[in-house]
Amino acid sequence: MVWSLDTGIWLIFLLLFTMFATGAEFGPSLEGEVVLAEAEADLADTGVAGCADQYLDDGVQLPDLPLFFRRNTPDAEWGTGEMIEVIVSASRHMRWLMPESSPINIGDISRERGGFLSGHLSHRGGVDADVGIYATGAMQDPRGGFQSLGSNFDVVANWALVSALLDTGAVEFILLDRAHITRLRTYTTQAGLLTEAEAEEVFPTDAHSWTLTGYVRHAPSHDNHLHVRVLCSDGSHSGR
Ligand SMILES: [Zn+2]
């Protein structure tokens with residue numbers, strides 16, 4: 001008993017001596033909070049950079065993931081972080097949901113620094129990507145390009161792809177030919193996947209607004225691919 005009391009007193013003495021000698025502080029460290037504040041300041045500095053419509057800052061190149069997708073034009077496959085995440089996430093989902101489906105053919109996104117990209121009006125700010133659609137049997141064009149599809153448009157696989165893209169929550173809209181949109185809308189309502197009201201929100205039928213509103217919009221020359229536009233990193237719409 002005496003021995004352990006003495007030991008305890010010595011230990012307390014040693015602890016106090018160490019505190020004074022080293023100037024150590026006891027209590028919660030503020031280090032984490034400082035790091036967080038610095039990160040927030042960095043974020044404020046960047047603002048919505050990377051979401052301008054005419055150029056691309058801090059672009060990310062689509063990684064080479066052949067199990068998920070095939071890159072057609074790697075030099076023109078640079079996008080914002082959100083754009084790349086959307087493509088990787090949706091194609092990974094397709095691999096899980098339909099393991100027999102072909103890897104998705106990805107066309108132009110933007111050049112490394114954005115700007116004019118031959119053959120496109122948009123695709124300048126890393127927020128637009130051209131994505132192949134599936135023919136019957138969940139097959140993408142075997143040559144790696146885009147295939148014009150009529151009634152051999154695989155409605156189940158293409159709806160799975162469109163919904164995987166929309167489920168990311170980062171897609172502003174998808175452009176597609178009206179005939180394919182009608183096929184998707186009919187399938188989703190008849191199969192009970194969407195109510196009429198939900199279908200109207202995703203694929204509006206009003207001829208005056210079907211190119212301007214909704215998530216899946218008609219555009220001419222889009223019967224062989226989807227044109228996917230993503231939101232800015234802060235959730236706002238980019239310019240055109
Ligand atoms: Zn496009």
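Leaving aside neighbours within four places in sequence, Val228 is in contact with Val86, Ala129, Val131, Leu165, Val171 and Ile174, two residues being in contact if their C-beta atoms, placed from the backbone, lie within 7 Å. The structure is a predicted model, in which local features need pLDDT of at least 70 and side-chain atom pairs count only at pLDDT 80 or more, while totals for chains, interfaces and linings use all residues. Residues are numbered from 1 along each chain as its sequence is written.

Val228 also belongs to the largest nonpolar core, which holds 43 residues; Val86, Ile87, Ile174 and Val228 touch the most other members. A nonpolar core is here a set of buried Ala, Val, Leu, Ile, Met, Phe, Trp, Tyr and Cys residues joined through C-beta atoms within 7 Å. At least two residues of this core are supplied by each of helix 3, strand 4 (104-106), strand 5 (128-132), helix 4, strand 6 (171-176), helix 5 (178-190) and strand 8 (225-230). Helix 3 contributes the largest share, six residues. In soluble globular proteins, nonpolar side chains tend to be buried together.

Helix 3 (residues 81-97) packs with helix 4 (residues 155-167) at an angle of about 140 degrees, the axes lying 9 Å apart. Helix 3 is therefore oblique to helix 4. Axes are lines fitted to C-alpha atoms, for helices over the stretch in contact, and angles run from 0 to 180 degrees between N-to-C directions; those under 35 degrees count as roughly parallel, over 145 as roughly antiparallel, 65 to 115 as roughly perpendicular and the rest as oblique. From helix 3, Val86, Ala90, His93, Met94 and Leu97 meet Ala160, Leu161, Ala164 and Leu165 of helix 4. The residues of this contact comprise eight nonpolar, one polar and no charged (Ala, Val, Leu, Ile, Met, Phe, Trp, Tyr, Cys and Pro count as nonpolar, Asp, Glu, Lys and Arg as charged, and the others, Gly among them, as polar).

Across the protein, six helices and eight strands are present, helices (H or I, at least four residues) and strands (E, at least two) being DSSP runs numbered from the N terminus. From that terminus, the elements follow the order α-α-β-β-β-α-β-β-α-β-α-α-β-β. Of the 240 residues, 35% count as buried; a residue is buried if 20 or more other C-beta atoms lie within 10 Å of its own, exposed if 12 or fewer, and partly exposed in between.

Glu201 is located in helix 6 (residues 196-202). With 13 other C-beta atoms within 10 Å, Glu201 is partly exposed.
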